Amino acid sequence: MTKAQFNRNDVIKQSTQLFWKNGYHGSSMQQIFDATGLKPGSIYLAFGNKEGLFKESIQCYGTNSLESIQQTLQKSPSIGLGVISILDKMLLESENSDYCSCFLIKSQLELSQDATQLNQTIKEQLLQIEKTYGQFIAQAYGYDKQQIYATQLMLQIFGIRVYGYLEKSTVALRQALPMSLPWLPWNEAKGGGWAN
């Protein structure tokens, strides 16, 4: 068997964009071949099938999301301000005309009824993100608040990602967030139009 002659990361990135836009079921193998510029044999040799490629796309997206969260929270003056910065970025993204929600959340909604390994992979990525938030939250707010605050945060993130996708007014979302997450230091956050 010959070795695939292409950049695997580039193929995963191109496939992620396709799956993100069209969904797993809405992306045909022909669309994957067109998006990546690869022939069927190369895709099947490297990833096995569409499910294998989608799984790697989900895992890559999840890893990149985790790294971004960790970097933001580590560089922020405080964990709370870092979380606010992440929420602000999500709201700004939702205002873009080409906004396509979050790949993980969108895929989880699409595949939630599928009893497949794909659904499990998505759940694992989302739980890892929640766990990461929880670890940082525990540092700033204590281990007794870790789970409840992380759960509250994930609920708001899901809300932003879904409401933003539906073109919900970000003004309303900005007003709702401080009431939904009162433990964050909203009065210390600069800009963002947060209601105090």
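Analyst: **A close look at one residue**

I137 has 0% relative accessibility, so I137 counts as buried (under 20% relative accessible area; exposed is over 50%, partly exposed in between; 1.4 Å probe, protein chains only). The model is predicted, so local features need pLDDT of at least 70 and side-chain atom pairs pLDDT 80 or more, while totals for chains, interfaces and linings use all residues. Residues are numbered from 1 along each chain as its sequence is written, and side-chain values use heavy atoms, without hydrogens and water.

I137 sits in helix α7 (helices are DSSP runs of H or I, at least four residues, numbered from the N terminus; strands are runs of E, at least two). Set aside neighbours within four places in sequence. I137 then contacts I79, G142, K145, Q146, Y149, A150, L153 and W183 (contact means heavy atoms within 4.5 Å). F158 lies 21 residues from I137 along the chain, and their C-alpha atoms are 18 Å apart.

Now the helix pair. α7 covers residues 117-141 and packs with α5 at about 140°, axes 9 Å apart (axes are lines fitted to C-alpha atoms, for helices over the stretch in contact; angles run from 0 to 180 degrees between N-to-C directions). That angle makes α5 oblique to α7 (under 35 degrees is roughly parallel, over 145 roughly antiparallel, 65 to 115 roughly perpendicular, the rest oblique). From α5 come I79, G80, I86 and M90; from α7 come Y133, F136, I137, Q139, A140 and Y141. By class, this contact has eight nonpolar residues, two polar and no charged (Ala, Val, Leu, Ile, Met, Phe, Trp, Tyr, Cys and Pro are nonpolar; Asp, Glu, Lys and Arg charged; the others, Gly among them, polar).

α5 has another partner. Residues 79-94 form α5, which packs with α9 (residues 170-180) at about 165°, axes 10 Å apart. α5 and α9 are therefore roughly antiparallel. L87, D88, L91, L92 and S94 of α5 meet T170, L173, R174 and L177 of α9. The α5 contact with α9 counts five nonpolar, two polar and two charged residues.

Last, a helix elsewhere. α3 (residues 40-47) buries I43, A46 and F47. Their arc around the axis is only 80°, so they lie on the same side of α3 (the arc is that of the directions from the helix axis to the C-beta atoms). Their cover includes α1 (8-22), α2 (29-36) and α4 (50-75). G48 follows α3, with a positive phi near 90°.
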